[in-house]
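Here is a friendly walk through one protein model, from single residues to the whole chain. Please keep the viewer open as you read.

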Amino acid sequence: MPRIDPPSLTDFLNISPVVLLSVWGLLVLFLDFAFLRKAESRVRSRLLGGVSLIGVVAAVAACFVPEFVETRTGSEELYFQGTLLGGVFVERVAAFVIVLLGFVILLSMSFEFTDYWGEYYALLFWSTVGTILLISAEELVTIFLSLETMTISLYLLTAFEKSRKRSAEGALKYFVYGSVSSALFLFGLSLIYGITGVTRLESIGLALRDNQAAIGLAGNITGTAAVLLVLVGFGFKVAAVPFHQWAPDAYEGAPAPVAAWIATGSKVASFIALLKMLVEALGAWASDPTGLTSPGWVTIVAIISAVTMTYGNFAALGQTNFKRLLAYSSIAHGGYMLVGVLASVVAQDGKAAGTVLFYLAVYGFSNIGAFALAAWMVRDKGTDEVEDLNGLASHSPGLAVCILLLMLSLIGMPVLAGFWGKLYMFMEAVNRGDEANRLTFLWLVALGLMNSVVSAFYYVRVLRAMFLRPSTTPPLARAPFTVSFPILASTAVVVGFGLYPAPLADQTLALADVSSFSIAAQKGFRSSVYTGPPIKDTLPNFRDAPMPRGVPVRPEAPVVPGPAAK
């Protein structure tokens, strides 16, 4: 039997942000129930929001604790019996997600949309716990539990604006679609476990690669069903077509800060988990080496990417509600990022995945600024229609210019960070693979560029309302700090990294190179995780014989083949 060690202090130090956020959620809830329940709603919002921001600062600091209190043996290490990944990649991405949470909390303090502030801030913290655990998850059960921790909190947060029927409607649709997708996703994970006999991502990848007949999905009915079900689960999380139906209603009905969190923090974690699942675990089922159009999940993801970016952009053209417009925009950007996911599978060196991380960072800040505008509109006018932005530039020219730059960055205009995000990701896709693969990527990139042109029409409609149309209603009041700061900070990011993208590009590339997106990094990483004989050497026939089963362990305790292998 493999040795199973109890969690150590090092294990808990490497999830210190998760522990802190969990405890801080309980602290906020306790303060609200014990001391602030009878205070006015606005006072409670401000006080609990201030306490929450202190927790955000502490959690960001906790992301860097392992670097100062322990000596690393490598860039990545496994903790809690091999279920969670630690290291510089998880620390940096977790810090980024927590910063996004800080902006969401600021937006939440800008207007009153609920009386249940303790529960609201606690759920924000606990959804972030699920987000960070999902980023670091390296095992199927942990991935599923992290996803559910994140999304169940989001279901509840979406329904928090009880005075609006749209909030309850959006939350109900979000919950129904999410419940079905979770059931299908779990069934897909069970099929993968049934095929390989293991639940760790790197062990699944080893098992499938050691089976020479497992390249692609030709004739593999069970594997095809498993991949399709897994893609249903992740497709729902990233709002990819045809699993996107919940997104427009949930974005419109949810409070603007919650919609911002769904569009940024949860999407960042979901794309990183999708990258790990496809590259690290299911890479052998991607396609036949002779071309990307051969039987394999790459063809399926390529079709989903093309349909998602096209549908998202064309559906956004007819939207008059600002949050629904951003919802369809988010769907379209998910389609763009799926191109980078495909390039990461072909590249296998982390560089293509680095461009996806760059795009996620830029996309996250751009959307925070856009949803800050939505929060401003709801705060002062109670609506979030595009026409309510008429004449904004004449009353708040500075913030209107910031929104202009954010919209142009989402379009991909030079020289803003969104332009470099699309350029890096699309160029990496075009330059990968042999001639046959390059042709497959060329039509995807060409479609992405065409869709970027289409997106300009609905983003420019927002800009036209702010700068060219006179206001027919009372203008928006002066933006409070809780609204203006996220807009200004997001603008500084997209302009700063647009003029000088090298620091962010170098950082995201370095993170991807040491992560499990890189096959080269995985080889060195696996040597400290799995030291037993190749799986194909322990089994006479991979398809017919049972797989060796073992409990995931920490890197220093090698996996011992089970009785079936002997």
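Ser-45 makes contacts with Ser-108, Met-109, Trp-117 and Tyr-121, once neighbours within four places in sequence are set aside. You will find Ser-45 in helix α3, which covers residues 41–62. With a relative accessible area of 2%, Ser-45 is buried. Do bear in mind throughout that this is a predicted model.

Another residue to look at is Leu-463, placed in helix α20 (residues 435–467). Is Leu-463 buried or exposed? Its relative accessibility is 9%, so Leu-463 counts as buried, the cut-off being under 20%. Leaving out residues up to four places away in sequence, Leu-463 touches Ile-403, Leu-404, Met-407, Leu-408 and Leu-468. The C-alpha atom of Leu-463 is also separated by 9.9 Å from that of Leu-405, and these two residues are 58 apart along the chain.

**Helices side by side**

Next, pick out helix α6 (residues 117–136) and helix α12 (residues 256–263), whose axes come within 12 Å and cross at roughly 5 degrees. That angle makes α6 roughly parallel to α12. On the α6 side the contact is made by Tyr-120, Leu-124, Ser-127, Thr-128 and Thr-131, and on the α12 side by Pro-257, Val-258 and Trp-261.

**Charged pairs**

Side chains of opposite charge can pair when their charged atoms come close.

| Salt bridge | N to O distance |
|---|---|
| Arg-37 and Glu-119 | 3.0 Å |
| Lys-173 and Asp-249 | 3.1 Å |
| Asp-384 and Lys-323 | 3.7 Å |

Take the salt bridge of Arg-37 with Glu-119 to begin with. Arg-37 is in the loop between α2 (16–36) and α3, while Glu-119 is in helix α6, so this pair ties together parts that are 82 residues apart in sequence. Arg-37 is partly exposed, at a relative accessible area of 30%.

The salt bridge between Lys-173 and Asp-249 comes next. Lys-173 belongs to helix α8 and Asp-249 to helix α11, so the pair ties together parts that are 76 residues apart in sequence. Lys-173 is partly exposed, with a relative accessible area of 30%, whereas Asp-249 counts as buried at 18% relative accessibility. Both residues also take part in a network of salt bridges that links Arg-166, Glu-169, Lys-173, Asp-249, Glu-252 and Arg-324.

That leaves the salt bridge of Asp-384 with Lys-323. Asp-384 sits in the loop between α16 (351–381) and α17 (392–395) and Lys-323 in helix α15 (residues 322–347), so the pair ties together parts that are 61 residues apart in sequence. Asp-384 is buried, with a relative accessible area of 2%, and Lys-323 counts as buried too, at 1% relative accessibility.

**A nonpolar patch on the surface**

Helix α8 (residues 165–196) is also the place of Leu-172. With 54% relative accessibility, Leu-172 counts as exposed. Together with Phe-175, Val-176, Val-180 and Leu-184, Leu-172 makes a nonpolar surface patch of about 440 Å².

**Backbone details worth checking**

Most residues other than glycine have a negative phi, and most peptide bonds are trans. Against that background, which sites deserve a look?

In the loop between α10 and α11 you will find Ala-239, a residue other than glycine with a positive phi near 60 degrees. Ala-239 counts as buried, at 2% relative accessibility. Pro-242 is in the loop between α10 (221–237) and α11 (246–253) as well, and the peptide bond leading from Val-241 to Pro-242 is cis, with omega near 10 degrees.

There is also a cis peptide bond from Pro-414 to Val-415, with omega near -10 degrees. Val-415 is located in the loop between α18 (397–411) and α19 (417–430).

**The whole chain**

Stepping back, the protein has 24 helices and two strands. Of its 566 residues, 62% count as buried. Among contacts between residues at least 6 apart in sequence, 81% join residues at least 24 apart. The accessible surface comes to about 20,200 Å², and carbon and sulfur atoms account for 69% of that area.

Notes:
Residues are numbered from 1 along each chain as its sequence is written. This is a predicted model: local features need pLDDT of at least 70, side-chain atom pairs count only at pLDDT 80 or more; totals for chains, interfaces and linings use all residues. Side-chain values use heavy atoms; hydrogens and water are left out. Helices (H or I, at least four residues) and strands (E, at least two) are DSSP runs, numbered from the N terminus. Buried means under 20% relative accessible area, exposed over 50%, partly exposed in between (1.4 Å probe, protein chains only). Contact means heavy atoms within 4.5 Å. Patches are made of residues with over 30% relative accessible area and no salt bridge: like charges are joined within 9 Å, nonpolar side chains (Val, Leu, Ile, Met, Phe, Trp, Tyr) within 5 Å. Accessible areas come from the Shrake-Rupley method with a 1.4 Å probe; for residues, only the protein chains shown count as cover. A salt bridge is a side-chain nitrogen of Lys or Arg within 4 Å of a carboxyl oxygen of Asp or Glu. Axes are lines fitted to C-alpha atoms, for helices over the stretch in contact, and angles run from 0 to 180 degrees between N-to-C directions. Angles under 35 degrees count as roughly parallel, over 145 as roughly antiparallel, 65 to 115 as roughly perpendicular and the rest as oblique.
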